[in-house]
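Please read this briefing with the sequence and the model open side by side. The notes are grouped by topic.

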Amino acid sequence: MSERFEFTGRYRNIVFGLIGVGIVLLLAGIFFSDQSGTAAHDAEHAAVVIEQGDVHPVADTHGHGHEAPTTGKRILANVLIGALYFMTITMGALFFLAIHRVGNAGWQTAIRRVPEAITSYLPVAVVSFAALFFFLDHLFEWAHLEPGVDALIDEKRAYLNEGGFIIRNLIFFGGWFGAAWYLRKLSLAQDQEGGLFHFKRAEVISAVFIIFFAISYSLFAIDWVKSLEPHWFSTIFGIYIFAGSMVSAMVTIYLILVFLKKQGYMSYVNDAHFHDIGKYVFGFSVFWAYIWVAQYLLIWYSNIPEEGIYYVKRYRVEDHAYLGYSFFFYFNVLVNFFVPFLALMTRNAKRTFSVFIPVGVILLYGHWHDLFLMVMPGAVGYNPGISLIEVGTFMTFLGLFLFVVFTALTRANLVPQKHPYLEESLHHTTGEV
Amino acid sequence: MSHVRSPIRQKWVTNTETYGKITEDITRPIESKPNPIWLAATAFSGLVMTIGFALIGWTMWKGIGTWGLNPTVGWAFDITNFVFWVGIGHAGTLISAVLLLFRQEWRNSINRASEAMTIFAVLCAGLFPILHMGRPWLGLWFLPLPNTRGSLWVNFNSPLLWDVFAISTYLTVSLVFWYLGMIPDFATIRDRMARAGRKVAAAIYGGMAFGWEGSSRNWSRFEIISLILSGLATPLVLSVHSIVSMDFATSVIPGWHTTIFPPYFVAGAIFSGFGMVQTLMIVTRKVYKLENYITMDHMESIAKIVIATGSLVGFAYMTEFFIAWYSGSLWERYIFINRAFGPFGWSYWIMFTCNVITPQLFWFKKIRTNMVITFIISIFINVGMWFERFVIIVTSLHRDFLPSSWASYVPTWVEAGIFIGTFGLFMFCFFLFSKFLPVVNMFEVKTLLHHPKKPAHLEAGESGTSESVSA
Amino acid sequence: MSNKQFLLGKFWDPDKLLEALGQLQKDEVPVYDVYSPFPIHGIEPLLNIKRTRLTVASFIYGAMGLMTALLLMGLVFGVIWPMNIGGKPSLAWPDFVPISFELTVLFAAHGMVLTFLVVGQYWPGKKAVLMDDRQTDDVFVVAIDKTRITDEQAIRSVFEANGAYEITEKEV
C-alpha cells in the first residue's frame with residue numbers, strides 16, 4: 001500500500017496567496033492604525049489621571065516608564081501570538097505521536113503521517129521565536145526595566161533575565177526538535193525496513209520526550225506568556241497552555257485529514273478514525289474548561305490582589321482597571337467550551353464533517369482568541385481590537401504553516417507501511433457507540 | 001474495538017482456552033468452602049475494625065478533644081485520612097471508566113476489584129469529615145433541605161459543602177457502576193449454582209442478578225450505558241478530587257492556595273489508588289491463583305501508570321516549589337522552605353522519597369516483573385501518599401501568620417487508632433467481597449479470549465449439565 | 001409470559017454463530033434473539049437492533065440535574081436567604097460550578113440506570129427465563145420463534161452447516 005500527497009499548483013498558489021495577502025494586510029494595518037494607537041493611549045492617560053494614587057493596573061501594565069502602546073508593540077505582540085499559536089499546535093501533534101506510542105495505541109497508525117507532517121513545522125516555529133529574542137525588551141517588562149525599579153521583578157531576576165531566557169529556550173527548542181526529528185526518522189525508516197527495532201526505539205524516545213516535555217513546556221509557557229505580566233503567578237499555567245495546545249492540535253489533524261480525504265487521498269481512513277479524533281477534541285475542550293475553572297475559581301475565590309489583578313484587567317467593565325477585554329473574556333469561554341461541548345456531544349456530530357468543520361474552525365479561532373487574551377493585556381495594555389494587523393499577521397503565519405506541513409506531507413508515503421499496528425488501524429471501528 | 005489484533009500484542013488471558021474455564025476459575029472461591037487463612041484474615045481485620053469503631057464511639061462520647069488538634073493546627077489526622085482514602089478511591093473509577101474509554105483491554109480483569117476498592121475506600125473516607133463535625137448526629141444539616149431552624153440554609157459557597165455533593169455523587173455512581181457490571185456475572189453464578197443443585201445460593205445470586213438472561217438486545221443496551229456511565233464517571237472522578245483540593249486551595253493559606261491543586265490532587269489520587277491496586281492485586285492473584293487473568297503484563301501496565309502518575313506528582317511538587325520562589329512572596333517562599341527543612345521536614349522527605357524516587361524504579365523491567373519488590377514499592381507509595389496529605393495539611397497550618405500562634409501537632413492514640421481501624425474496615429469489606437462476589441469481571445474477560453476451544457462438557461457428549469461444581 | 005415454542009441453535013464459538021446469523025439474515029428469517037455469556041461485537045446489524053436512545057434520556061436527566069442545581073442555589077441565595085459571604089455577591093456564579101456539575105452527573109447517571117432497569121424490565125429477584133442453563137457460561141444460543149417461520153428445515157440446515165453443536169426446541 002502506497003500513496004503520496006501531491007502539493008499541486010492550485011493549492012500552492014492559495015498558500016502563497018495567504019502569505020502575500022497577510023503581509024499586505026499587515027502593512028495596510030500599520031498604515032491605518034497609527035492614529036488609533038495614539039487615541040487609545042490618550043484614553044489610557046485619562047484613566048490614569050482620574051484614578052491617580054490608586055494601585056493601578058494600567059500603570060502596572062506598562063511598567064514605571066509608562067510608554068505608549070505603539071503600533072510596533074502591537075505587531076510584536078501579534079508575532080508572539082502567531083508564533084505561539086503554531087508552536088502549540090506543533091507541540092500538540094508531537095505529544096500526540098509520543099503518547100500514542102507509549103500507550104501502544106493501534107488505531108492512529110493510519111493517520112500518523114499527518115501529525116508527523118505537522119511536527120515538521122517545528123524549525124520554522126523555532127525561527128519565529130528566535131526572531132523575538134531580539135525584541136525581548138520591547139515585549140517584556142522585566143527585560144525592559146532596570147534593576148532597582150521594581151522590587152518584585154528584582155526578586156525574580158535570577159530566572160527572568162535575558163541571558164537565561166534565551167539559553168533555556170534554546171535548550172527546550174533543541175530538545176523538541178531533536179525528538180521530532182528523530183521520531184520522524186524512525187517512522188520513515190520503519191517504512192523501509194520493517195521489523196520492530198525502530199518501533200521499540202520510538203517507544204523509549206517518546207517516554208523520555210514526554211518527561212522533558214512536561215518540564216520544558218511549562219517553563220516555556222511561563223517564559224513567553226506568564227512573564228508578560230511578571231508580578232502575577234499561577235502554578236497551573238503550563239497545564240492551561242497544554243490544554244489549549246491539545247484542542248487545537250486535534251482540530252488541525254482532523255481538518256487536514258478532511259482536506260486529504262476530499263482530495264481523494266487516504267480512502268482507508270474511516271468514520272471511526274474521525275470519531276476518535278473528534279472525541280479527543282471534545283475531551284480536551286472539556287479539559288481546557290476544567291483547567292480554566294480551576295485557575296479562575298481559585299483566584300476569584302481567595303481574592304488576593306496580587307493574583308486577582310490578572311483577571312481584573314481582563315473583565316472589569318466600569319472602573320479604572322478597564323482595558324476593554326471584558327467581552328473577550330466571556331467570549332473566550334463561549335467559543336472554547338460551550339460551543340464544542342454542546343455541538344460535539346453526540347456521536348454523529350464527531351463523524352459528520354458538515355457539523356465538525358464549523359465547530360473546528362470556531363475552536364481554532366478560540367485558541368487564537370485565548371492566546372490574544374493572555375498576551376495582549378500584558379504586552380500592549382489596552383485592547384487594540386482585532387483589525388488588519390491581527391488578521392494579516394495570522395494569515396502570514398497560517399500560510400507559512402500550511403506550506404511547511406503540506407510540503408512535509410509530500411515527502412513521505414501517506415501510509416506508514418510495515419508499521420506493526422497498521423492492520424489494526426485499517427480495520428478500526430468504534431463499534432456501535 | 002478493532003477486530004484485527006496485531007500479532008505483537010500480548011495476550012491478556014493466558015493458558016485458558018475455553019469460556020467455561022474462565023467461569024470455573026473465577027467462581028471457585030465463591031463455590032468452595034472458606035479457607036482458614038481467609039477466615040483468620042477476615043477475623044483479624046474485623047477485630048481491627050471493631051477497635052476502630054470503639055474509638056469512634058469514644059470520640060463521640062468525649063468529643064474531638066480526644067484528638068491532638070489545637071487552635072492553630074485545626075485540621076490534621078482526620079482530614080489527612082479523609083484525603084488519603086478518597087484518593088485511593090480514584091483508581092477504581094479510573095480503571096473502569098477512563099481505561100474503558102481508551103479501550104485498554106487490560107482493564108477488563110482488574111476493574112471489578114478496583115471498583116470494590118474504590119467503594120470501600122470512599123466509605124472509610126466518609127467517616128472522617130462526619131466525625132470531625134463533633135456532633136455527627138447533626139450531619140443531616142449538611143443537606144440543603146427546607147427546615148424549621150429559622151430556615152437555615154447551607155452555604156453553597158463553601159468547598160466543604162461541594163465535597164458533600166461530590167463525595168455522595170461519587171459514592172453512589174461508583175456503586176451503581178460496580179453493581180451494574182456485576183449483574184451478568186451474578187447470572188452466571190446463579191446458573192452454576194442451580195446446575196450444582198445449591199438452591200439457596202442460586203436464589204440469592206438469582207435475586208441479585210435482576211433476571212439477567214444475556215440476550216443480545218439487553219447486551220446492546222448494557223454496553224451503551226456502560227460507556228455513557230464511563231463518560232460521566234470520567235469527569236466525575238476528576239471533579240471529586242479537584243473539589244477535595246479546593247477545600248484547601250480556596251483558602252488564603254500559603255502552601256494551600258495554589259492553582260495547580262486540582263489537577264495535582266487528581267494525579268496524586270490516581271497514583272495512590274494504583275499503589276493500593278498493586279498491593280491488593282499482588283495478593284489476590286496469588287491467593288486465588290488468578291495468574292492467568294491478572295498476568296505479569298497486567299502488573300507491568302499498572303507499574304507503568306504508577307511511573308507516569310508518580311512523575312506527574314513529582315512534577316507538581318517542583319512546580320509548587322518553583323512558583324513559590326517565582327512569586328516573590330515572602331510567605332509563599334517561607335512555607336516551602338519550612339516544609340522541606342522545618343520541624344516537619346522529615347515528613348516532607350518521606351513523602352518525596354516514597355512518591356517521586358521509588359516509583360522511578362519501575363523503569364526497569366526486572367523490577368516491574370518482580371512481585372516481591374513491586375509489593376514493597378507499592379507499600380512505599382501508600383505510605384508516601386499518606387504523608388503527602390499530612391505534609392500539605394500540617395506544615396501549612398503549624399506556622400501561622402502570627403508567630404505567637406505557631407504550634408506543633410502530635411496525634412493522640414485515639415486518632416491513630418481510628419485511622420488503623422479504617423484499615424480494618426477497608427480490609428474486612430475487601431475480604432468479604434473477595435469471598436462472595438466474583439473478583440474478576442467474568443464476562444469482560446471472556447471477550448478477550450479469541451478463538452476458543454470446544455467446551456469440555458461437549459467433548460464428553462453431554463449437554464446442559466454441569467461438570468464438577470462442588471456442592 | 002405467553003408460552004411460545006422456540007427453535008434453538010446452540011453454538012460454542014461466537015464467530016460461527018455470527019456466520020449463521022449472517023446466513024439467516026440473508027434468508028430473511030426472523031430471529032427472536034441471541035443469548036450469549038458476553039456481548040458479541042458486530043451482532044447488532046445482524047439482528048436489526050436499533051441504537052438505544054438511552055443516551056438521549058441521559059442528556060435530558062443531566063439537563064434536569066443542572067436545572068435543579070441552579071434553581072436550588074439561585075432560589076436559596078438569590079431569593080430566600082441572600083447573604084454576604086466574604087464580600088462576594090449573593091449569586092456568586094463561579095461557586096455554583098462544582099455543585100451544578102455534580103448534580104448534573106448525579107441525575108444523568110442514576111436517571112439513565114433507572115431507565116435502563118425499567119425499559120429492560122429488571123428488578124431484584126426477577127426470575128430469568130433461560131433457553132439453556134449454560135447460556136450465561138459458555139454457550140451461545142440463537143432462538144427463533146416457531147410461529148413466525150415457514151421453512152424450519154432450512155433453518156436447521158443453516159445451523160448445522162455453521163457448526164451448531166445442538167439444535168433443539170423449547171417451550172418457554
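B:Arg112 sits in helix H5 (residues 111–132) of chain B, where helices are DSSP runs of H or I with at least four residues and strands are runs of E with at least two, both numbered from the N terminus. This is a predicted model, in which local features need pLDDT of at least 70 and side-chain atom pairs count only at pLDDT 80 or more, while totals for chains, interfaces and linings use all residues. Residues are numbered from 1 along each chain as its sequence is written, chains are lettered from A and ligands numbered from 1 in the order in which they are written, and side-chain values use heavy atoms, with hydrogens and water left out.

**Surroundings of B:Arg112**

- B:Arg112 is buried, with a relative accessible area of 2%; buried stands for under 20% relative accessible area, exposed for over 50%, and partly exposed for what lies in between (1.4 Å probe, protein chains only).
- The side chain of B:Arg112 makes a polar contact with the side chain of B:Asp185 at 3.1 Å, a polar contact being a pair of N or O atoms within 3.5 Å, of which, within protein, one must be able to donate a hydrogen and the other to accept it, and residues adjacent in sequence count only if both atoms are side-chain atoms.
- The backbone oxygen of B:Pro438 is also reached by the side chain of B:Arg112, at 3.1 Å.
- Neighbours within four places in sequence left aside, the residues in contact with B:Arg112 include B:Trp178, B:Met182, B:Phe433 and B:Val440, contact meaning heavy atoms within 4.5 Å.

**Interface between chain C and chain B**

- On chain C, 68 residues are in contact with 68 residues of chain B.
- The two chains bury about 6,200 Å² between them, 66% of it on carbon and sulfur atoms; buried area is the accessible area (1.4 Å probe) that two parts lose on being put together, summed over both.
- In chain C, the residues that lose the most area to chain B are C:Trp12, C:Glu102 and C:Arg134, which together account for 11% of what that side buries.
- Three salt bridges are counted between chain C and chain B, each requiring a side-chain nitrogen of Lys or Arg within 4 Å of a carboxyl oxygen of Asp or Glu.
- C:Asp137 forms a salt bridge with B:Arg195, and the closest N and O atoms of this pair are 2.9 Å apart.
- Between chain C and chain B there are 20 residue pairs in polar contact, with both residues at pLDDT 80 or more.
- Among the elements of chain C that each supply at least two residues to the side touching chain B are helix H1 (14–26), strand E2 (33–35) and helix H4 (93–119), and H4(C) gives the most, with 17 residues.

**Chain A as a whole**

- Chain A has 18 helices and zero strands, and 61% of its 433 residues count as buried.
- Among contacts in chain A between residues at least 6 apart in sequence, 82% join residues at least 24 apart.

**Residues with positive phi**

- Most residues other than glycine have a negative phi.
- A:Asn104, in the loop between helix H3 (71–102) and helix H4 (113–119) of chain A, has a positive phi near 55° and is partly exposed, with a relative accessible area of 24%.
- B:Phe210 has a positive phi near 55° and lies in the loop between helix H7 (199–208) and helix H8 (216–249) of chain B, where B:Phe210 is buried, with a relative accessible area of 11%.
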